[in-house]
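Good morning, and thank you for coming. Please have the sequence and the coordinates on your screens.

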Amino acid sequence: MVLVSSVREYINRMLQDISGMKVLILDSQTVSVVSVVYSQSELLQKQVFLVELVDAILNSDESMSHLKALYFLRPTSDNIQHLKRQLAKPRFGEYNLFFSNMLNTTQLHILADADEHEVVQQVQEFFADFVAIDPYHFTLNTPSNHMYMLPAVIDPPNLQTYCDRIVDGLAAIFLAFKRRPVIRYSRTSDIAKRIAHEASKLMYQQESGLFDFRRTEISPLLLVIDRRDDPVTPLLNQWTYQAMVHELIGIKDNKVDLGNVGKFSKDQQEVVLSSEQDTFFKANMYENFGDIGMNIKRMVDDFQQVAKSNQNIQTIEDMAKFVDNYPEYRKMQGNVSKHVTLVTEMSKIVEERKLMLVSQTEQELACNGGQGAAFEAVTNLLNNESVSDIDRLRLVMLYALRYEKESPVQLMQLFNKLASRSPKYKPGLVQFLLKQAGVDRRTGDLYGNRDILNIARNMARGLKGVENVYTQHQPLLFQTMESITKGRLRDVDYPFVGNHFQQGRPQEVVIFIVGGTTYEESRSVALQNSLNSGIRFILGGSTLLNSKRFLKDLEDAQRIARSSTGVV
């Protein structure tokens with residue numbers, strides 16, 4: 001079962017069981033869960049005439065007894081209190097309560113006591129406590145995502161809230177799939193270990209009855225890893241369509257806000273980029289930027305042919321045919337306009353920030369050796385007036401991660417150069433990154449220079465040459481999936497939780513990255529799944545990263561670490 005269809009099935013069941021005019025009431029998290037898999041027009045077809053947020057409807061006393069209320073909420077104490085107050089003064093004809101995860105007995109008692117007017121028709125758990133961005137990629141949109149980067153000595157109270165949200169999300173995934181996994185985690189990460197152990201405790205002890213599904217021959221695998229094992233991927237510029245849109249403009253719950261990048265009419269300011277709703281995007285989301293331009297030109301040519309035939313209306317039959325096809329024509333027109341706009345805006349940004357120049361050096365830093373040439377290339381770019389502050393910072397970080405042990409003198413020179421050229425970024429941020437995600441803190445072979453197989457693979461790739469210099473980088477996740485497929489994921493690096501071991505090769509693997517995923521990694525997962533290796537991979541993370549978000553989390557974590565310990 002893939003993620004999008006799993007969530008759609010839950011929502012379908014909610015909507016079709018209740019006839020008549022409905023109001024759908026969501027919270028700030030479930031609004032994302034619904035919006036990525038269900039369009040507004042589809043909700044209208046199911047007779048949902050109003051969508052409200054649970055905390056907003058508290059402010060209204062207007063009676064709407066002709067509507068049936070359908071609540072879909074996370075089972076948090078805040079939401080239970082909202083419901084308690086709303087059930088005390090019912091505004092709707094009936095109340096149908098659906099929760100995206102497990103309710104505890106106390107919460108059920110509170111709801112039962114609050115329903116004095118006996119308006120609640122049903123209370124159900126539908127396990128959709130995650131945002132299914134793509135068929136094999138989910139996020140939890142976890143608040144305070146910088147928590148994972150804090151040094152272990154700092155244990156703020158909301159770190160537990162952060163871990164609880166992730167464990168809830170993982171529980172919902174496996175309850176939706178009706179499976180109980182074997183769990184492994186990244187050895188060097190305290191937070192990955194903590195989440196893996198808490199998830200295991202929930203699935204094998206506290207709620208073991210709920211997870212006691214008919215056993216398959218081989219249990220699925222849940223692998224919990226840490227973003228800090230691969231800090232390179234979220235720092236790189238991207239050159240495939242979906243990843244590039246997120247890096248340069250930003251995608252939130254499959255929507256792109258164009259308000260910040262140019263002057264657009266109201267109806268064009270927010271566009272939807274969903275592989276489920278847009279066939280052009282589905283076919284091109286993983287394609288290189290150069291190919292996208294050609295494919296959009298073909299789409300524009302096709303549209304012009306359709307537009308030309310529509311101008312040639314001579315008979316009543318032609319007119320009737322045009323009216324019948326008009327919705328499809330409008331949709332096609334909107335799609336052409338959307339993709340042309342996105343590619344035009346991204347081309348402007350690439351030119352303004354000289355990203356082709358910057359990206360070539362980034363890829364060299366991520367994929368190839370040669371410290372002397374790398375130092376010279378980064379120095380030249382730091383001196384280039386056209387290079388933006390954020391690009392200078394990322395280049396120094398990528399150099400520092402690669403050569404932290406090899407060239408301390410040159411590294412200090414780059415720190416000084418960064419401080420003078422981009423004063424808003426202090427070198428302390430780069431040093432904090434090395435403390436949190438440097439070579440001594442990472443699990444896995446990030447640069448392919450520890451493991452003899454990886455060294456051989458890199459040599460072979462260097463001899464063959466690279467098809468595209470801008471997309472030669474492969475995330476560490478690619479190696480991890482390859483190791484799982486070949487049964488080579490080392491127990492010493494990724495220990496099992498408890499005494500639940502894997503018997504043979506798993507057929508389903510959920511890899512969860514604490515700290516967030518990137519679209520480059522979801523592309524790797526989609527390509528791996530397309531090989532039909534006998535293993536289906538699903539990728540999840542606490543949030544969706546681009547370089548801007550990764551750096552913001554790093555700055556937030558550094559600020560808290562400083563105020564807690566008085567040092568960087």
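Let me begin with helix α4, residues 77-88, and helix α5, residues 105-114, whose axes come within 9 Å of each other and cross at roughly 10°. Because angles under 35 degrees count as roughly parallel, α4 is roughly parallel to α5. Please keep in mind throughout that this is a predicted model. The crossing in which α4 passes α5 is right-handed. On the α4 side, the contact is made by Ser 77, Ile 80, Leu 83, Lys 84, Leu 87 and Ala 88, and on the α5 side by Gln 107, Ile 110, Leu 111 and Ala 114. Sorted by class, this contact of α4 with α5 holds seven nonpolar, two polar and one charged residues.

I turn now to the sheet. Six strands form an open sheet with mixed pairing, in the order β6-β7-β14-β13-β9-β8. Which strands are the edge strands? They are β6, residues 131-134, and β8, residues 182-185, each of which pairs on one side only. On average, and with direction ignored, neighbouring strands of this sheet are turned by 25° against each other.

Within the sheet, strand β13, residues 508-514, and strand β14, residues 536-541, run parallel and are joined by six bridges. As one instance, Ile 513 has Gly 541 in β14 as its bridge partner.

Two helices that pack on this sheet deserve mention. Helix α1, residues 3-16, touches β6, β7 (137-139) and β14, and its direction makes about 135° with that of β6. Helix α19, residues 519-530, also packs on the sheet, where it touches β6, β7, β13 and β14; the direction of α19 makes about 165° with that of β14.

Helix α19 has a helical partner as well. The axes of α18, residues 476-485, and α19 come within 9 Å and cross at roughly 30°, which means that α18 is roughly parallel to α19. In this case too I can give the handedness: α18 passes α19 in a right-handed crossing. From α18, Leu 477, Phe 478, Met 481 and Thr 485 meet Glu 521, Ser 524, Val 525 and Gln 528 of α19. By class, the contact of α18 with α19 comprises four nonpolar, three polar and one charged residues.

Next, the aromatic side chains. How many aromatic pairs does a search of the whole structure find? The search finds eleven. One of them is formed by Trp 239 and Tyr 470, a tilted pair with 5.2 Å centre to centre and 45° between the planes. Trp 239 belongs to the loop between β9 (221-226) and α8 (241-248), and Tyr 470 to the loop between α17 (452-464) and α18, so this pair ties together parts that are 231 residues apart in sequence.

I close with helix α13, residues 371-383, and helix α14, residues 389-403. Their axes come within 10 Å and cross at roughly 165°, and α13 and α14 are therefore roughly antiparallel to each other. Their crossing is left-handed. In α13 the contact is made by Gln 371, Ala 374, Phe 375, Val 378, Leu 381 and Leu 382, and in α14 by Arg 392, Leu 395, Val 396, Tyr 399 and Tyr 403. These residues divide into nine nonpolar, one polar and one charged.

Thank you; I would be glad to take questions.

Technical notes. Residues are numbered from 1 along each chain as its sequence is written. This is a predicted model: local features need pLDDT of at least 70, side-chain atom pairs count only at pLDDT 80 or more; totals for chains, interfaces and linings use all residues. Side-chain values use heavy atoms; hydrogens and water are left out. Axes are lines fitted to C-alpha atoms, for helices over the stretch in contact, and angles run from 0 to 180 degrees between N-to-C directions. Helices (H or I, at least four residues) and strands (E, at least two) are DSSP runs, numbered from the N terminus. Angles under 35 degrees count as roughly parallel, over 145 as roughly antiparallel, 65 to 115 as roughly perpendicular and the rest as oblique. A crossing is left-handed if the near helix is turned anticlockwise from the far one by less than a right angle, and right-handed if clockwise. Contact means heavy atoms within 4.5 Å. Ala, Val, Leu, Ile, Met, Phe, Trp, Tyr, Cys and Pro count as nonpolar, Asp, Glu, Lys and Arg as charged, and the others, Gly among them, as polar. Two strands pair if DSSP finds at least two bridges between them. Rings of Phe, Tyr and Trp (its six-membered ring) pair if their centres lie within 6.5 Å; planes under 30 degrees apart count as stacked, over 60 as edge-to-face and the rest as tilted.
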